[in-house]
Amino acid sequence: KQFRLIGIDEIPEGPFFISDGCEECMNKGYIGRCSLFEMLTVTDSLRDMIAEGAPSHRISQQAREDGMRSLLDHGLELARQGEVSLLEVVRTVSS
């Protein structure tokens with residue numbers, strides 16, 4: 001259900017790691033912080049769409065076609081690497 005809230009109909013292909021946790025990490029399974037981010041580089045096609053007042057969903061689609069990695073994509077990449085848990089990605093992207 002939580003995955004559907006952020007637009008994922010099926011659990012993404014893994015492998016994903018499950019953290020064990022310890023006293024030092026307060027049973028989270030990792031220590032420290034890791035940034036999830038997306039960055040939009042305004043290409044010529046995006047500039048034109050923005051100037052024309054295109055709907056945001058169309059701009060977002062074009063941005064991905066132009067190579068933008070979404071917040072969700074970055075989170076899934078970090079989860080596959082064991083840097084964050086998959087559930088933490090869901091929590092972050094859905095908030």
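Contact, in these legends, means heavy atoms within 4.5 Å. The model is predicted, so local features need pLDDT of at least 70 and side-chain atom pairs count only at pLDDT 80 or more, while totals for chains, interfaces and linings use all residues. Residues are numbered from 1 along each chain as its sequence is written, and side-chain values use heavy atoms, with hydrogens and water left out.

**Figure 1**
Helices (H or I, at least four residues) and strands (E, at least two) are DSSP runs, numbered from the N terminus. Of the 95 residues in the protein, 24% are buried; buried means under 20% relative accessible area, exposed over 50%, and partly exposed in between (1.4 Å probe, protein chains only). Take the contacts between residues at least 6 apart in sequence: 57% of them join residues at least 24 apart.

**Figure 1. Helices H2 and H3, side by side.**
H2 covers residues 44-52 and H3 covers residues 56-65; the two pack at an angle of about 175°, with their axes 10 Å apart. That angle makes H2 roughly antiparallel to H3. For the geometry, axes are lines fitted to C-alpha atoms, for helices over the stretch in contact, and angles run from 0 to 180 degrees between N-to-C directions. Angles under 35 degrees count as roughly parallel, over 145 as roughly antiparallel, 65 to 115 as roughly perpendicular and the rest as oblique. On the H2 side, look for Ser-45, Leu-46, Met-49 and Ile-50; they meet Arg-58, Ile-59, Gln-62 and Ala-63 of H3. Sorted by type, the residues of this contact come out as five nonpolar, two polar and one charged. The sorting takes Ala, Val, Leu, Ile, Met, Phe, Trp, Tyr, Cys and Pro as nonpolar, Asp, Glu, Lys and Arg as charged, and the others, Gly among them, as polar.

Gln-62 sits in helix H3 and is buried, at a relative accessible area of 12%. Setting aside neighbours within four places in sequence, Gln-62 is in contact with Ser-45, Leu-46 and Met-49. Ala-63, also placed in helix H3, is buried with a relative accessible area of 3%. Beyond residues up to four places away in sequence, Ala-63 touches Leu-40, Leu-46 and Met-68. Val-42 is 21 residues from Ala-63 in sequence, but their C-alpha atoms are 8.0 Å apart in space.

**Figure 2. The largest nonpolar core, with H4 and H5.**
Eight residues make up the largest nonpolar core: Ile-8, Leu-72, Leu-76, Leu-78, Ala-79, Val-84, Leu-86 and Val-89. Helix H4 (71-80) and helix H5 (86-94) each supply at least two of its residues, and H4 gives the most, with four. Apart from this core lies another, of five residues, including Leu-46, Ile-59, Ala-63 and Met-68. A nonpolar core is a set of buried Ala, Val, Leu, Ile, Met, Phe, Trp, Tyr and Cys residues joined through side-chain atoms within 4.5 Å. Back in H4, Leu-72, His-74, Gly-75, Leu-76, Leu-78 and Ala-79 are buried, and H5 is part of what covers the buried residues of H4. Val-89 is in contact with Leu-72, Gly-75, Leu-76, Ala-79 and Val-84, leaving aside neighbours within four places in sequence. Just after H4, Gly-82 takes a positive phi of about 80°.

Pro-12 belongs to the loop between helix H1 (2-5) and H2, and counts as buried at 15% relative accessibility. Leaving out neighbours within four places in sequence, Pro-12 is in contact with Leu-76 and Arg-80. Pro-12 and Leu-86 are 74 residues apart in sequence, with 9.5 Å in space from C-alpha to C-alpha. Glu-38 lies in the loop between H1 and H2 and counts as partly exposed, at 43% relative accessibility. With neighbours within four places in sequence left aside, Glu-38 is in contact with Met-68, Arg-69, Ser-70 and Leu-71. Asp-73 is 35 residues from Glu-38 in sequence and 8.7 Å away in space, C-alpha to C-alpha.
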